[in-house]
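The sequence and structure come first.

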Amino acid sequence: MSIVVDANLFSAITNPKSYDHSEYLPVLQWVENDRGKFVHGGSHYEKEIRKHRLFRQLLFQMEHKGKTILVPKIYVDETEEYLILNYVERNFDDHHILAILLVSNCILVCTHDDGLAKLIKKCYLRASLKSIRKNCKHLGKLIRPRIYRTSKNIGLLCDRYIVS
């Protein structure tokens, strides 16, 4: 697995005119030119992709090059449902991203959303993982993911964070 991209960065990755494109261009280059792959799946995430034409086109191109991994929708949706019911806070609105990470074994996410970072931190506590493992059937190895926030995190775009 390689990287899950939060919808709040679809434009930054795909639009060269975006003010922060240079911060996320390394992610795109890693997938296009190296061993990186985009990881996606689940009803909620697919709905977000449908709303963003450029990212949808990019995924289509990368899929034809073998540079995407589609996580089974039913597994992501079941895990997301559990997370929504059990991890509620005002700024937690990316349970679907966490569900993709949990199910896919992916240990790298691209986001600048503090709420998602807090949700990841909360869910990867020992007690939380025990509960998640008990209640969600189709999980990966549950290695806490790293977060790519800006080009300062370019060191994360390496083979070390590719999990199969």
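## Cavity

Leu-101, Leu-102, Asn-105, Cys-106, Ile-107, Tyr-124, Gly-140, Lys-141, Leu-142 and Ile-143 line the largest cavity of this predicted model. That cavity holds about 40 Å³ of space, and the structure has one cavity of 30 Å³ or more. A cavity here is a set of points, on a 1 Å grid over the protein atoms alone, where a 1.4 Å probe fits but cannot get out; lining residues have an atom within 4 Å of a point. Grid points are joined across faces, edges and corners, and the volume is the space filled by probe spheres set on them.

## Basis and confidence

Residues are numbered from 1 along each chain as its sequence is written, and side-chain values use heavy atoms, with hydrogens and water left out. Because the model is predicted, local features need pLDDT of at least 70 and side-chain atom pairs count only at pLDDT 80 or more, while totals for chains, interfaces and linings use all residues.

Mean pLDDT (the predictor's confidence in each residue, from 0 to 100) is 94 for the protein, with 98% of residues at 70 or more. Helices (H or I, at least four residues) and strands (E, at least two) are DSSP runs numbered from the N terminus.

## Helix α7

Helix α7 spans residues 114-123, and its buried residues are Gly-115, Leu-116, Ala-117, Leu-119, Ile-120 and Cys-123. Buried means under 20% relative accessible area, exposed over 50% and partly exposed in between, with a 1.4 Å probe and protein chains only. The buried residues of α7 pack against α5 (73-86), α6 (95-104), β4 (108-110), α8 and β5 (146-148).

## Aromatic rings

Rings of Phe, Tyr and Trp (its six-membered ring) pair if their centres lie within 6.5 Å; planes under 30 degrees apart count as stacked, over 60 as edge-to-face and the rest as tilted. The count is four aromatic pairs. Phe-10 and Phe-55 are stacked, because their ring centres are 3.9 Å apart and their planes at 5°. This pair links distant parts of the chain, with Phe-10 in helix α1 (residues 10-14) and Phe-55 in helix α4 (residues 53-64), 45 residues apart.

Phe-10 and Phe-55 are both buried. One aromatic cluster is formed by Phe-10, Phe-38, Tyr-45 and Phe-55.

## Thr-68

Strand β3 (residues 68-71) contains Thr-68, which counts as buried because its relative accessibility is 17%. Beyond neighbours within four places in sequence, Thr-68 contacts (heavy atoms within 4.5 Å) Lys-37, Phe-38, His-40, Leu-59, Met-62 and Glu-63.

Notes:
On a 1 Å grid over the protein atoms alone, a cavity is a set of points where a 1.4 Å probe fits but cannot get out, and a pocket is an open set with protein on both sides within 12 Å along at least five of seven lines; lining residues have an atom within 4 Å of a point.
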